[in-house]
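Please go through the points in order and check each one on screen.

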Amino acid sequence: SVYDQTIEVAGATSPGARAPIGTWTFVGCYQASGLAAHGSGLTPQGCTAACSTEANMAAVQGSSCFCLSGGRVTLGPKADSDSFCQTPCPAEYFEGTARHCGGTGGYYSVYEKYTFVHQTAQGCYDPRRFIWYQIVAIELLLRDNDGTPTGVDFEWHLHAASINSGEPLFPYHQPLQHMLMGMQYDLDSSRIVGYTLPYWGQKPLTERWVPTVRLVGVQSLDTGIVFSHKEVPFGFDTSEVSTFQLSTGVSAIDALHDVYYVTMPSIPSVPGFIDPVHYKTRLYGINLNTNQDILEGRLLEQSVVLLEVNSQTHELFGLLKEEGATVDDPGHFYYVCFGRSFRSNASTSTQAVLFQWTFAEPIVDHVVNPYSYQNFIDKVYQVGATSVDHVSNTSFVVMKDSTNAIDPIYIKDINQQGSLKSENFAPLPSPDVQATWLANTDPILPLSLPAPKLMDARFTIDGRSITVRFDAYTVEGALPVDSDGDELPDGIDWSTRQIGQRNCSDMFARRTAEL
């Protein structure tokens with residue numbers, strides 16, 4: 001069944017601050033005949049809205065709308081390519097885009113309400129286009145040659161909705177062969193990153209898990225919206241990955257360093273016995289440019305509930321669950337810093353990224369909130385639900401006081417530098433909500449970092465140099481690159497970085513520099 005979803009913007013009071021996400025999904029170009037028109041002069045958005053009360057499927061040909069109350073049995077075969085639906089839509093719909101308004105020769109663009117959202121697959125937010133992406137499934141009834149139902153299958157789709165209205169944005173919908181787990185939006189490359197897995201409900205027991213990292217690029221050009229799909233040929237180097245998988249994708253992305261962090265289970269086992277409850281975690285950091293794991297499958301004794309990266313400081317954070325000492329002890333949660341990635345200075349254009357690991361036992365020595373961590377250790381957290389404000393160095397988590405369904409949800413801010421200052425957001429009611437995801441709607445990176453402020457400047461004891469400290473990290477003069485002309489960043493030009501020693505006159509007024 002479809003469960004209600006809403007987009008909610010913290011602090012907003014406009015009607016769009018809380019909007020239901022439309023369930024209609026573009027499923028492709030189909031042949032059909034003998035369909036009865038429901039209306040005319042409608043866009044795909046208008047057609048699906050008109051059919052919502054009487055059908056779960058709709059078809060568009062030109063500006064004519066067809067409500068398909070009989071489902072897919074009223075359709076013929078699916079076209080080999082969506083290019084068979086070449087008729088332009090009405091001009092007011094995405095400037096008359098094709099592919100979504102059918103074609104000649106009995107071809108129709110078909111839309112269907114999704115069956116469910118994969119709750120643990122996460123979602124991600126494109127702050128430049130104001131789009132919320134998520135993975136949805138459409139249940140298909142399988143039949144034999146006589147039409148007798150024999151079972152069910154699922155289609156997986158990348159679903160896109162407006163953050164302002166909740167309406168589906170069909171030109172940004174994409175079919176997927178498998179569901180996408182651990183979704184993250186790469187801010188400086190205009191792409192979605194995740195890893196693919198087969199649906200475990202239908203996976204043969206003897207089939208091994210083979211997760212692959214997938215990059216879905218998005219280009220909004222004058223000629224139309226273009227998607228590109230790429231798989232990163234990365235091999236998880238431990239046998240546990242091929243045997244067991246987590247049902248929830250816990251991941252994070254460093255947008256400026258192009259590093260995708262993801263967790264995989266490490267299940268303790270001996271011949272004849274497997275314990276899938278008390279497991280360890282392997283943490284991978286995949287350089288999307290070189291396909292290298294900069295963490296080398298780092299093994300953690302604890303379960304990882306959340307991962308988050310501050311793309312300004314390149315620090316990696318995580319919420320760890322440490323198991324209790326006894327069966328009756330539920331364990332405790334700790335928000336820690338694992339370390340930070342850094343770019344090699346051997347070459348100004350190098351794509352090599354290294355990682356300085358600083359986390360160690362005991363956990364309490366590495367919590368980011370040493371003066372307030374006791375307030376977080378016994379809460380209940382939404383796995384994978386986290387966001388970050390790169391500028392104020394603040395992480396946000398979703399938590400409750402207990403597992404009771406009627407208890408309110410709290411969005412809690414944790415300062416990554418240990419400050420006790422908190423926004424103390426009001427609790428959110430949680431009826432009819434199965435999952436909560438967070439997204440920073442104005443991440444700033446990488447286009448408009450504020451100028452760093454001078455904290456202090458001190459001469460060394462011999463008076464030959466000055467040590468200057470600023471209040472924030474910067475991208476060191478690296479510039480965003482728009483390679484396709486859609487006015488959105490597609491990468492970072494690291495060759496423009498200002499690194500190494502600098503002349504004092506670059507930083508200080510002439511009279512000061514002459515000292």
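1. Over the face of Trp-357 lies Arg-298, at 4.4 Å from the ring centre; a charge sits over a ring if NZ of Lys or CZ of Arg is within 6 Å of the ring centre and within 35 degrees of the ring normal.

2. A word on the basis of these points: this is a predicted model, in which local features need pLDDT of at least 70 and side-chain atom pairs count only at pLDDT 80 or more, while totals for chains, interfaces and linings use all residues. Residues are numbered from 1 along each chain as its sequence is written, and side-chain values use heavy atoms, with hydrogens and water left out.

3. A search of the whole structure gives 18 aromatic pairs. In one of these, the ring centres of Tyr-111 and Phe-170 are 4.5 Å apart and the planes stand at 55°, so the pair is tilted. Tyr-111 belongs to strand β6 (residues 107-113) and Phe-170 to the loop between β10 (149-162) and β11 (174-176), so that distant parts of the chain, 59 residues apart, are linked (helices, H or I, of at least four residues and strands, E, of at least two are DSSP runs, numbered from the N terminus). Tyr-111 is buried at 0% relative accessibility, and Phe-170 is likewise buried, with a relative accessible area of 0%; buried means under 20% relative accessible area, exposed over 50% and partly exposed in between, with a 1.4 Å probe and protein chains only.

4. The largest nonpolar core has 41 residues, of which Tyr-133, Leu-158, Ile-192, Ile-286 and Leu-288 touch the most other members; such a core is a set of buried Ala, Val, Leu, Ile, Met, Phe, Trp, Tyr and Cys residues joined through side-chain atoms within 4.5 Å. Strand β12 gives the most to this core, with five residues. A second, separate core of 27 residues includes Val-117, Ile-138, Phe-396 and Ile-409.

5. Thr-386, placed in strand β26 (residues 380-389), is buried with a relative accessible area of 11%. Its side chain makes a polar contact with the side chain of Glu-308 at 3.2 Å, a polar contact being a pair of N or O atoms within 3.5 Å, where within protein one must be able to donate a hydrogen and the other to accept it, and residues adjacent in sequence count only if both atoms are side-chain atoms.

6. The structure holds four disulfides, each a pair of cysteine sulfur atoms within 2.5 Å. Cys-29 is joined to Cys-85 (S to S 2.0 Å), and the torsion about their S-S bond is about 90°, so this disulfide is right-handed. Cys-47 and Cys-65 are bonded with sulfur atoms 2.1 Å apart, and their link is right-handed too, with 75° about the S-S bond. For Cys-51 and Cys-67 the torsion is about -85°, so that disulfide is left-handed; Cys-51 lies in helix α1 and Cys-67 in strand β5, so the pair ties together parts 16 residues apart in sequence.

Definitions and conventions. Rings of Phe, Tyr and Trp (its six-membered ring) pair if their centres lie within 6.5 Å; planes under 30 degrees apart count as stacked, over 60 as edge-to-face and the rest as tilted.
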